[in-house]
Amino acid sequence: MTIVTKGMAAIVGAFIFAFLNPLAQAQESLSNQIESILEDSAVAGAGIVVVENGEPSIEVYWGQSDISAKTNVDPETLFRAGSISKNVTSLIALRLFERGIVDPDALLSEIAPEIKIRNLWSDDAPVRVIHLLEHTAGLPGSSYREYSENKPDASPSDYLQAVGEFETRWPPGTLYSYSNAGHTILARVLEIASGKDFDTLAREEVFGPLGMTDMSFATYGVDQNRLSASYTPSGQKEGTWEMVIRPSGSLVTTPRNLAKLVGVYSTSARNAPAGYLSEAAVTRMRGSETGETVKAGVSDGAYGLGTFAFIQAGHAFYGHWGKTEGFRANMGYLPNTGSGFVIMLNVVDESAAYQIREALATYLTRNMDQPESVETGQALSESVTGKAGHYVLATHNMPLRDWLFKALDQKMIEVGEDQLTVIGKGLTGGGSVIYKPAKGGGFAADDIPVATATFAEVEGQTFWIDRDAYVRVSAFEAGLRRLVLPAAVIVSLIAVLHGLVWGVMGLIGRGPSGLGMWTRSSLLASGLAFLITFALFAKYGLVGSWTDLAQIGQVSLISLTLAVTSSVAVLGALASFALVGWKTLSDRSLFLVYAWPASIVLSSLAVIWIMAGWAPLITWTW
């Protein structure tokens, strides 16, 4: 046989093998599907690894890590993993737990008295180490100030000293609220207990034993030529955030290295070095032991140790997600199957990330039966019957935005004979979901294979908890919070338009004078200031890029403008209310038909802002 003939025979043989081999076909189909999703997305570059039998089976490296330099993504490209960092920090803690170096139930005040936390419930509900891991310490999430801080080698102590004192928002051990502070405080606890700095712990407890080379909790510890740039969906290059909360979000890794963690978790550590981690420890990472959901028998649906459950292709996967300055990362696995995945993108494109997760999950579960639904069917207890009503989000991770999300995210719960109907009623909507009581406790949503939700009583208030917690309020309060924001925007626009008309009338000598001028001026100032505050905060503090967030996390033109306009908005609204009332006594003009509702709406929002700490709106503090 000639060399050409042999080559042709090999090609034909490979083609026939691929054609006849269902696995090869499925793998090729998945790779093509992933590339098709990426081509239709805003993503510049991506690294994706599928894990089967505890090892990588499919790897897709697509696009560019640096658009201007035309550098392609390859297996050596490094991405930032964002909050997947918490999984690694939790793994370090778990290793120290197993060796008895740290007690998860230890009081934080005893193991690390240097960490100052103001806890009104310290006598009955002190902060424990485990609360930091499971986000049940009642600590807030990120502040805008954190986004503006850049210190590549920041230690946990640096962060603690910068903040000074933390404060719990409810009794520790009760409600979940995602907190970057928690895992950074945890890192300091691990340092104190072990006598080693955090980076040394990461190398000795995770990176070294698992062979994760070129992995770091900061960009300065890796080859800069291999580190991907990141971009906004519009293609603008993002800056680099050298965060002071490094244990919570600064992990840098290749997708292949991160896939080693997936291999460990999905095989219950059977493919890890001997004695590295027990099967019980891996199981423990997937569930919670604190919080009101656990008391109701709902552990799988709660945040565990750097790990949470999410439903993809109808199956319960476990893992963590991450996002930071243009990077989006997902890590997920199916317990005891050896299967999972890693997705790392250098553009935050949530639609693309979801589509890829769904494609990967569908592939990994293609030969699996759909999981059995949680056993339900029993009638609701009498104690649940009285819990119908309106609920608003109570555990938003940024206290500064809490009032806003109480308007955006609301639920109305209707109680039937054997089910609950939870209806999205906030400004963002949300449809309706049917929940049924689960045999083991809590409630399970339709088509969800685990129970995730429960009711709880905390500090005399009723909460509906489905990871995040919603507090029951009166129909009036829910309606006020929901309606006052859009009403204020509309009134503010009218006030500005009215001011323009008034200005034109003034040019021709027919403008108002005396009390009428002051009343109109206060409405105009308040309306204009509200609109400016809304627009700037939405752009820079709500939907902005990391660079936008960093701008209001420091004293800048934008942050100072927010402080001034928020103050003018509130003062103008309250002044208009007083002036309209006075004008009513002296002049019952047609103007009052507009002025009364306008001043009432603006003053209502002003009161909410005062209670929320938005008068003035200071965004550059810890």
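Predicted model: local features only at pLDDT ≥ 70, side-chain atom pairs only at ≥ 80, totals over all residues.
1. Let me start with charge pairs. The structure holds 23 salt bridges. One of them joins the side chains of Glu59 and Arg256, at 2.9 Å from N to O. Glu59 belongs to strand β2 (residues 55-66) and Arg256 to helix α11 (residues 255-266), so this contact ties together parts that are 197 residues apart in sequence. Glu59 is partly exposed, at 30% relative accessible area, and Arg256 is also partly exposed, at 34%.

2. Next, please have a look at Glu76 and Arg226, a salt bridge whose closest N and O atoms are 3.2 Å apart. Two loops are involved: Glu76 is in the one between β3 (71-72) and β4 (79-82), and Arg226 in the one between α9 (198-207) and α10 (246-249), so the pair ties together parts 150 residues apart in sequence. Glu76 counts as partly exposed at 41% relative accessibility, whereas Arg226 counts as buried at 18%. Asp214 joins these two residues in a network of salt bridges.

3. A salt bridge between two strands is worth a glance too. Glu167 and Arg118 meet through their side chains at 3.1 Å, N to O. Since Glu167 sits in strand β6 (residues 166-167) and Arg118 in strand β5 (residues 117-118), the pair ties together parts that are 49 residues apart in sequence. Both ends are partly exposed: Glu167 has a relative accessibility of 37%, and Arg118 has 41%.

4. Now to the sheet. Eight strands make up an open, antiparallel sheet, in the order β16-β15-β14-β13-β12-β19-β18-β17. Its edges are β16 (443-445) and β17 (454-458), each of which pairs on one side only. On average, and with direction ignored, neighbouring strands are turned by 35° against each other.

5. Phe455 has Trp464 in β18 as its bridge partner.

6. Phe455 brings us to the aromatic side chains. The structure holds 30 aromatic pairs. Among them is Phe443 with Phe455, an edge-to-face pair with 5.8 Å from centre to centre and 85° between the planes.

7. A second aromatic pair involves Phe537 and Trp614. Their ring centres are 4.7 Å apart and their planes stand at 65°, so the pair is edge-to-face.

8. Finally, two charges sit over rings. The charged end of Arg366 is placed over the ring of Tyr363, 4.0 Å from its centre. Lys539 lies over the face of Tyr540, and here the distance to the ring centre is 4.5 Å.

Methods:
Residues numbered from 1 in each chain as written. Heavy atoms only, no water. Salt bridge = Lys/Arg side-chain N within 4 Å of Asp/Glu carboxyl O. Helix = DSSP H or I, 4+ residues; strand = E, 2+ residues; numbered from the N terminus. Buried < 20%, exposed > 50% of the residue type's maximum accessible area, 1.4 Å probe, protein only. Pairing = 2+ DSSP bridges. Axes fitted to C-alpha atoms, helices over the stretch in contact; angles between N-to-C directions. Phe/Tyr/Trp six-rings, centres within 6.5 Å; stacked < 30°, edge-to-face > 60°. Lys NZ or Arg CZ within 6 Å of the ring centre and 35° of its normal.
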